[in-house]
Amino acid sequence: MGLATGAVAARSTGRQRALLVVLMLLAVQLVSLARPAYACGCGAMVHDPKTTLAVDRETSVVRWDGRSEQIVMSLTVNGTAPDAAWIMPVPHRATVELGDPRLFDQLAALTAPAVERRHHFWPRGGDWPFAGDGTSAEAPAPGARGPGVGVVGRERLGPFDVARLTATDPAALRNWLKTNGFRLPDALTTELRPYVAQRWEYVAIRLAPATAHRPLTGTLEPLRLSFASDRLVYPMRLSRLATTPQSLGLYVLAPHRMEPRGALGGTEPEVFFAGRITPVGALRELGGTRRTFLTALDQTFPRPRRITGDHELVRAAQDTPFQRVTYTSALLRVGGIPAWVLTVGGALLLPAVAATLALALRRRRPLPPPRPVPPPLR
């Protein structure tokens with residue numbers, strides 16, 4: 001038994017060393033690249049160094065039930081690159097399929113601020129007799145694995161060419177990267193080492209648009225990854241390679257309210273929705289019919305180089321619900337008439353009304369009887 005265990009450990013160490021050698025060799029061959037690739041939280045974005053490509057926004061839905069995890073990610077990009085590819089590290093063997101774009105519309109509607117109406121007495125912009133738009137204010141927010149060799153799966157999903165890779169066959173990995181146009185910058189080799197040490201696998205995705213030579217702009221079609229995981233993790237380490245500020249939006253579906261262990265070098269994550277929901281429509285297809293807790297987070301990374309690792313989300317101390325509130329203000333009316341008009345008008349008319357009443361009362365008051373005239377003196 002001891003010899004067998006030692007042999008397995010030796011083979012594992014050999015595979016890790018082989019992968020590191022391949023990655024280092026590729027990096028040495030490509031050090032002449034003009035600049036490193038852009039990166040996003042979902043992995044390393046790779047494109048032709050003669051073109052530009054920036055990830056403006058990354059929005060992902062993460063569903064976790066304690067044993068398995070699903071990530072549906074949507075990227076908004078712009079630049080001059082006609083095609084691109086990226087690498088997504090995953091802790092276990094993953095399956096990949098197209099995501100449902102309706103999922104993000106549905107979640108945006110669920111997490112939209114509640115609207116409450118307030119009334120103001122004096123006229124503002126947009127109220128008679130002024131012109132212009134009304135105003136509103138927003139309330140602040142509170143607060144399994146089996147042996148694999150090289151390419152273990154290859155699918156064409158809409159505009160995406162997807163390959164699922166392991167690190168057990170350096171030649172297959174090297175050939176796949178070369179054939180599919182991956183150009184690994186030297187920095188990416190360094191950032192991949194922690195994943196290699198943990199024996200993670202990789203999902204390599206290449207976007208092959210239907211229209212050739214057309215720059216990638218706008219929101220890309222979402223992809224859905226599923227894999228086994230006993231903890232809720234969202235890969236972020238490769239975002240350290242980004243040269244522009246990064247913006248991340250996470251919708252987290254789990255049995256309870258979830259929160260990141262830390263900020264990872266970005267701004268403090270902001271919760272903009274928390275509450276139990278009943279999945280319907282695209283949400284039902286993702287997570288079944290059981291009620292689940294939805295936590296929606298926003299975070300920015302002004303200086304991506306400060307990112308320290310991957311997001312791990314844990315159960316919050318309490319399942320406290322929260323929803324933003326947007327207040328709309330309307331002019332107070334009485335019987336359709338602005339209350340301020342009635343008040344001001346009444347104040348101006350009151351003296352005249354009082355004088356009229358006084359005059360009327362005076363006219364209606366009976367005249368006093370004539371005083372008797374005393375008789376003349378004799």
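This is a predicted model: local features need pLDDT of at least 70, side-chain atom pairs count only at pLDDT 80 or more; totals for chains, interfaces and linings use all residues.
The charged end of R237 sits over the ring of Y195, 5.8 Å from the ring centre. Across the protein chain the mean pLDDT is 74, with 66% of residues reaching 70 or more.

**Aromatic rings**

- Searching the whole structure turns up two aromatic pairs.
- Y195 and W200 are both buried.
- The other brings together Y251 and F272, whose ring centres are 6.2 Å apart; this pair is edge-to-face because its planes stand at 80 degrees, above the 60 degrees needed for that label.
- Y251 is part of strand β15 (residues 246-254) and F272 is part of strand β17 (residues 270-277), so their pairing ties together parts that are 21 residues apart in sequence.
- Y251 and F272 are buried too.

**Strand pairing around β19**

- Strand β19 (residues 311-315) runs antiparallel to strand β14 (residues 232-234), and three bridges join them.
- β19 also runs antiparallel to β16, again with three bridges between the two strands.
- L313 in β19 takes part on both sides: it is the bridge partner of L232, and P260 stands opposite it.

**A glutamine in helix α2**

- Q106 is found in helix α2, which covers residues 102-110.
- Is Q106 buried or exposed? It counts as buried because its relative accessible area is 18%, and the cut-off for buried is under 20%.
- Setting aside neighbours within four places in sequence, Q106 is in contact with V280, G281, A282 and L283.

- Among the elements of the protein chain, strand β16 (residues 258-260) has the highest mean pLDDT, at 96, while strand β8 (residues 136-138) has the lowest, at 39.
- The pLDDT is below 50 over residues 18-39, a stretch that has 50 contacts in the model beyond near neighbours in sequence.
- Residues 132-149 also have pLDDT below 50, and this stretch has 38 such contacts in the model.

Conventions:
Residues are numbered from 1 along each chain as its sequence is written. Side-chain values use heavy atoms; hydrogens and water are left out. Helices (H or I, at least four residues) and strands (E, at least two) are DSSP runs, numbered from the N terminus. Buried means under 20% relative accessible area, exposed over 50%, partly exposed in between (1.4 Å probe, protein chains only). Contact means heavy atoms within 4.5 Å. pLDDT is the predictor's confidence in each residue, from 0 to 100. Rings of Phe, Tyr and Trp (its six-membered ring) pair if their centres lie within 6.5 Å; planes under 30 degrees apart count as stacked, over 60 as edge-to-face and the rest as tilted. A charge sits over a ring if NZ of Lys or CZ of Arg is within 6 Å of the ring centre and within 35 degrees of the ring normal. Two strands pair if DSSP finds at least two bridges between them.
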